[in-house]
Amino acid sequence: MSFSSVNISVEAPIENQIQEISYDGIEIYQPPLTLSESLAKYAQKIDFSKTTDVDLKKEEAVEEAKSDSDSKDAFQSSLWPWDSVRNKLRNAHQEICVLADVLTVAKDKRYMVLDPVQREPLETKPMVQIYARKKALAGAANVLLAGAEKLKTSQNEVARNRTTPDFHIELLRLRQNWRLKKVSNMIIGDLSYRTAGSKFMQTGTFEVTKAEEDEKIGSPPSSPLPGGGQPTKPSSALKVTIPSELQGVAYIEVLCQKDTEDLCSANINLLGSGAPSSNPDMHWQQKLEAAQNVLFCKELFNQLAKEAVQLQAPIPHMVVGNQIVATILPGIQIIIALRHSTSGDKKPEKPTPSKGEHDHVLEHSLHQLLREVHHKNTHHPFPHPATGPLGPSKKRMMAGPMAADRYELLDMTKQETLLEQIIKQSQHCLMRMRTGYVLDTLAKECRDPLISSHWNTLNSPTQSCVKINISTHGYDAVCRTPLVIHVGEKSLKCICRDGKVMNLSYEPQEFRDLIFNHITQHQILAVQALAKTMGWQSLANSNHLGSGPVDPLGNATSCLLASPTGDRIIAVRCEAQYGGMQVSVAHSPRSDFFPSRLVTERKWEHLGGQFRDVRLDRMEGRNFLHKMELLMASLTSNS
């Protein structure tokens with residue numbers, strides 16, 4: 001019985017097939033197949049689908065016909081060489097087919113349906129089930145609690161045995177607040193403000209390493225003091241290495257002085273008002289904050305020094321070492337100095353003498369000026385329309401449609417530098433200090449009338465507002481003179497009671513003269529208002545009296561008052577200098593009138609007699625208006 005076989009050439013071809021012919025004519029042949037590759041090639045030609053006897057018989061008939069027709073066919077053996085392999089594969093195929101049939105019958109219900117057998121229902125008691133579940137939950141809870149207690153105990157033991165915190169935990173805490181990256185085998189951090197918009201060239205890189213064991217343990221603590229000392233804090237597992245130029249403590253000092261006399265000062269220090277001591281064994285968080293503070297102060301001073309050299313001021317600014325000197329007002333200078341001290345400095349800095357009260361507005365603005373520059377570097381206005389360029393402001397984009405002229409365009413390009421803003425705020429600080437000093441001095445000198453000032457709490461760094469009320473004690477409802485002062489950078493803007501606006505310079509004497517002028521006007525207006533309430537008549541008044549002695553500070557004010565019956569006249573003169581109040585009284589009819597050859601009729605005696613001065617210092621009364629009230633009351637009753 002013959003089986004189907006594969007034609008295998010006994011002799012391999014002499015030459016292999018050509019794989020490629022290069023451009024120079026060199027023929028590259030395919031390498032001959034190995035034994036394993038030949039076996040795999042011949043096995044691919046086997047048709048395992050011919051497994052039935054019918055196929056074998058058909059193949060037999062075909063082979064017999066071929067053998068009869070072709071006498072040159074070689075002798076074939078009675079057994080097929082791959083017969084065992086085919087039989088095993090066929091058996092495996094049959095088993096897989098049977099397994100597939102079993103799965104199909106079990107999965108599809110159209111072949112076989114399994115009906116469940118109903119059992120007799122058991123009586124279930126709900127309370128029994130609840131108790132069983134409760135018991136099971138209690139057992140599970142006990143297991144969880146016991147495990148949690150064991151974990152807690154083990155953690156406490158580890159914490160007691162551990163002298164220093166874990167390195168990875170400390171590194172995780174460090175990464176939460178600072179930017180870190182790994183470079184080869186080192187951990188490098190960055191404490192600069194570049195991500196916030198800073199363009200300072202100096203880098204703020206630091207290196208993070210693991211502290212050595214001897215550094216963790218440290219030296220043994222010294223003997224405690226009799227009063228008891230604080231327990232030593234456990235050292236950190238991290239060691240932070242900071243560049244030498246960022247070590248120590250730094251702050252920027254701003255000082256306004258006049259003839260070596262300090263007027264106001266402010267210190268900028270991100271770590272607080274007091275300068276912390278530079279301790280090499282401090283915690284890494286404090287060390288990094290101190291280094292970042294040094295970098296911030298250096299960047300701020302570098303920007304101010306660059307602007308001081310570039311600005312063209314009437315009096316040139318001077319930059320000497322770590323100090324900037326600029327003139328803000330005639331005879332008054334502002335000094336901006338960078339103070340930087342490191343732990344390696346053996347000679348301590350000369351202690352700064354105690355200054356007056358710090359100007360919190362100026363101290364706060366020193367922080368905000370550089371922050372604002374950082375914010376503008378990262379936050380650009382959106383273009384309008386969306387296809388427009390990125391960078392110009394909305395006002396600049398609207399310059400074309402709004403037909404802006406050349407001067408408006410130049411104003412849009414002008415920007416105030418940090419030094420100009422600090423100088424303007426220092427000028428305003430000085431003007432506010434002078435205004436407050438003048439008001440306080442006048443309030444102490446002038447007891448009648450009273451001067452009260454109310455400073456507005458909502459102010460800008462370059463403009464403040466103060467409201468001044470001039471009133472007399474006990475007669476607030478009779479007359480009150482309000483006055484509003486806008487304190488600017490180099491000038492004062494005064495809004496009077498009648499709406500008149502007056503602009504004053506930075507000289508405090510002008511503001512002092514203005515207050516004295518309003519005091520005299522208040523006295524005259526208050527006397528007239530009091531006379532009206534008592535029935536007296538105001539005959540005349542003048543804010544600029546031209547008669548009498550010349551006042552060095554300005555013109556005197558006066559008024560004439562007549563009694564209800566008209567037989568008494570009071571003349572009040574108030575000089576611009578404080579304390580110059582003069583009161584005179586005239587009687588009508590005249591007691592010293594005698595008819596003469598020229599004046600014979602008695603009616604001329606009602607013109608009034610000569611004015612006689614009243615000595616106010618001898619009169620009873622709390623203040624000037626009280627004395628005038630008593631005087632008018634006495635003259636009215638006598639009439």
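The model is a predicted one, in which local features need pLDDT of at least 70, side-chain atom pairs count only at pLDDT 80 or more, and totals for chains, interfaces and linings use all residues. Residues are numbered from 1 along each chain as its sequence is written, and side-chain values use heavy atoms, with hydrogens and water left out.

**Exercise 1. Get an overview**

Task: find how many helices and strands the protein has, and what share of its residues is buried.

Solution. Step one is to settle the terms: helices (H or I, at least four residues) and strands (E, at least two) are DSSP runs, numbered from the N terminus. The protein has 13 helices and 21 strands.

Step two is burial. A residue is buried under 20% relative accessible area, exposed over 50%, and partly exposed in between (1.4 Å probe, protein chains only). Of the 639 residues in the protein, 30% are buried.

Step three looks at contacts, meaning heavy atoms within 4.5 Å. Among contacts with a separation of 6 or more, 57% are between residues 24 or more positions apart.

**Exercise 2. Follow helix H7 to two partners**

Task: work out how H7 is oriented to H5 and to H11.

Solution. Begin with the method: axes are lines fitted to C-alpha atoms, for helices over the stretch in contact, and angles run from 0 to 180 degrees between N-to-C directions. Angles under 35 degrees count as roughly parallel, over 145 as roughly antiparallel, 65 to 115 as roughly perpendicular and the rest as oblique.

Now take H5 (residues 167-177) and H7 (residues 284-310): their axes are 11 Å apart and the packing angle is about 30 degrees. H5 is therefore roughly parallel to H7. On the H5 side, Glu170, Arg173, Leu174 and Asn177 meet Trp284, Gln285 and Leu288 of H7. Sorted by class, this contact has three nonpolar, two polar and two charged residues. Here Ala, Val, Leu, Ile, Met, Phe, Trp, Tyr, Cys and Pro count as nonpolar, Asp, Glu, Lys and Arg as charged, and the others, Gly among them, as polar.

Next, H7 packs with H11 (residues 418-445) at about 90 degrees, with the axes 8 Å apart. That angle makes H7 roughly perpendicular to H11. H7 brings Leu300, Gln303, Leu304, Glu307 and Ala308, while H11 brings Leu418, Leu419 and Ile422. This contact of H7 with H11 holds six nonpolar, one polar and one charged residues.

**Exercise 3. Stay with helix H11**

Task: describe how H11 meets H12, then look at glutamine 425 and proline 449.

Solution. The axes of H11 and H12 (residues 508-533) come within 10 Å and cross at roughly 40 degrees. H11 is therefore oblique to H12. From H11, the contact includes Arg434, Val438 and Glu445, and from H12 it includes Phe511, Arg512 and Ile515. Its residues divide into seven nonpolar, two polar and three charged.

Glutamine 425 is found in H11. Its relative accessible area is 9%, so glutamine 425 is buried. Proline 461 is 36 residues away in sequence, yet the C-alpha to C-alpha distance to glutamine 425 is 5.8 Å.

Proline 449 sits in the loop between H11 and strand S12 (450-455). A cis peptide bond, with omega about 5 degrees, joins aspartate 448 to proline 449.

**Exercise 4. Check the cysteines**

Task: find how many disulfides there are.

Solution. A disulfide is a covalent bond between the sulfur atoms of two cysteines. The test used here is a pair of cysteine sulfur atoms within 2.5 Å. By this rule the count is zero. Cysteine 494, for instance, is in no disulfide: the nearest cysteine sulfur, that of cysteine 496, is 4.1 Å away. Cysteine 494 counts as buried because its relative accessibility is 1%. Cysteine 97, at 33% relative accessibility, counts as partly exposed.
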